[in-house]
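Student: Please take one part of this structure and go through it closely. I want to know which residues do the packing, and what lies between the packed elements.

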Amino acid sequence: MIQQVANMVVPVLAMLGIGFWCRKKSFFDERGLEGLKSVISRICLPVVLFDAFFRAQYEWRALAVFFVVYCGFGAALAVGYGIRRIAQPYQKFMPFLLSSAEGGMLGYALFGVLTGKQSGFATVDLGQTIFAYTIFLATLKKEEGAAASAGGLVRNMIFNPCFIGMSAGVLLGALGTTCVLESTAGGAMLRAVIEMIKVPTGALVLIVVGYELKLQKQLLGPVIKTVLCRLLMMAGLLLVTSVVIFSIFPFDKQLQIALMILYSLPAPFIIPLFARVGKDGEYISTTLSVQTLVCVLLFSCISVYYLL
């Protein structure tokens, strides 16, 4: 058992360590990091998302999971606004660090390491992805004083490569074209290309995350409060979601694993990309770093449950 858990967790830690080492040794600078992130976000992740949703199972259960996950993260955001004062003087962005999840950059990578495939995570990721591009992003824009129009939110979604990949996968998968397409010569070649792109994606993502791990000691007070609040809220969401879903549908351990990984993930890494964070930037990056380290620790526990 210990060896099996180590086989799953050590590669994750190794990739994070390599990323951290790359920053310490200045193997590439911030411009190089941005280039690597562009390759991941514009090419690798859209392909991973397309494949995951292309192979996903579309049934009433998926719709129920979407609804519960979406509403759950909305409730987490609302609660974040209610308790934000405990993170003073960094309360402005605290609610956003308590809601949604970094499914694209971490969720698929961790689920893939654990199960050997990524399509199973798509069922739980759809709700949080749509939430991130609607309520989450609209509220984030409003917080910094910028009005977020419905048209602007739609444009952010439809022109985002990851959303395009996900939408194409959902469309083709829901239409039942998976078996038909893959039975053709063209489909076989497409599968080979997809697999070629997918293989290094998890490692690249973890290297980028490791590169961006930054811990500021002076911020540990509000950061620890934020991290503990997220842990409690995500544990509550996991419990409620599991009870609701598995009281309606038969228990599915793969789905349970996907939910456990979803609610163990850090908040979305897009917060600094869509908001002028100013002096709160270090608080946000430190919180995301600590949440990521906690996520890896929780991933170890999830690995034990997966092997039982």
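Tutor: Start with Ser26, which sits in the loop between helix H1 (2–24) and helix H2. Keep in mind that the model is predicted. Ser26 has a phi near 55 degrees, a positive value in a residue other than glycine. Most residues other than glycine have a negative phi, and most peptide bonds are trans. Gln88 and Pro89 are joined by a cis peptide bond, with omega at about 5 degrees. Pro89 belongs to the loop between helix H3 (60–83) and H4. Keep both loops in view as we move to the helices.

Take H2 next. Leu36 is one of its residues. Leaving aside neighbours within four places in sequence, Leu36 touches Phe28, Leu204 and Val208. Its C-alpha is 9.8 Å from that of Ile207, although 171 residues separate Leu36 and Ile207 in sequence.

Two packed helices are described by the angle between their axes and the distance between the axes.

H2 and H4 pack at about 50 degrees, and their axes are 11 Å apart. That angle makes H2 oblique to H4. The crossing of H2 and H4 is left-handed. From H2, the contact uses Ile40, Leu45, Val48, Leu49, Ala52 and Phe53; from H4, it uses Gly104, Met105 and Tyr108. By class, that contact has 8 nonpolar residues, 1 polar and no charged.

Next is helix H5 (residues 119–143). Its angle to H4 is about 160 degrees, with 10 Å between the axes. H4 and H5 are therefore roughly antiparallel. H4 passes H5 in a right-handed crossing. H4 brings Gly103, Gly107, Tyr108 and Phe111 to this contact, and H5 brings Gly120, Phe121, Ala122, Asp125 and Gln128. The classes here are 4 nonpolar, 4 polar and 1 charged.

H4 (residues 103–115) and H13 pack at about 30 degrees, and their axes are 11 Å apart. The two helices are therefore roughly parallel to each other. Their crossing is right-handed. On the H4 side the contact residues are Leu106, Leu110, Val113, Leu114 and Thr115; on the H13 side they are Thr292, Cys295, Phe299, Ile302, Ser303 and Tyr306. These residues divide into 8 nonpolar, 3 polar and no charged.

You also asked what lies between the packed elements. Rolling a probe the size of a water molecule over the atoms shows where empty space is left. Across the whole structure, the search finds 1 cavity of 30 Å³ or more. The largest cavity holds about 30 Å³ of space. H2 (30–54), H4 and helix H9 (185–211) each supply at least two residues of its lining. The lining residues are Leu45, Val48, Gly104, Tyr108, Ala109, Gln118, Thr201, Gly202 and Val205. By class they are 5 nonpolar, 4 polar and no charged.

Look back at the names. Leu45, Val48, Gly104 and Tyr108 are among the residues in the contact of H2 with H4, and these four also line the largest cavity. Tyr108 of H4 takes part in the contact with H5 as well.

Terms used. Residues numbered from 1 in each chain as written. Predicted model: local features only at pLDDT ≥ 70, side-chain atom pairs only at ≥ 80, totals over all residues. Heavy atoms only, no water. Axes fitted to C-alpha atoms, helices over the stretch in contact; angles between N-to-C directions. Helix = DSSP H or I, 4+ residues; strand = E, 2+ residues; numbered from the N terminus. Parallel < 35°, antiparallel > 145°, perpendicular 65-115°, else oblique. Left-handed = near helix turned anticlockwise from the far one by under 90°. Contact = heavy atoms within 4.5 Å. Nonpolar A, V, L, I, M, F, W, Y, C, P; charged D, E, K, R; others polar. 1 Å grid on protein atoms, 1.4 Å probe; cavity = no way out; pocket = protein on both sides within 12 Å on 5 of 7 lines; lining within 4 Å. Points joined across faces, edges and corners; volume = space filled by probe spheres on them.
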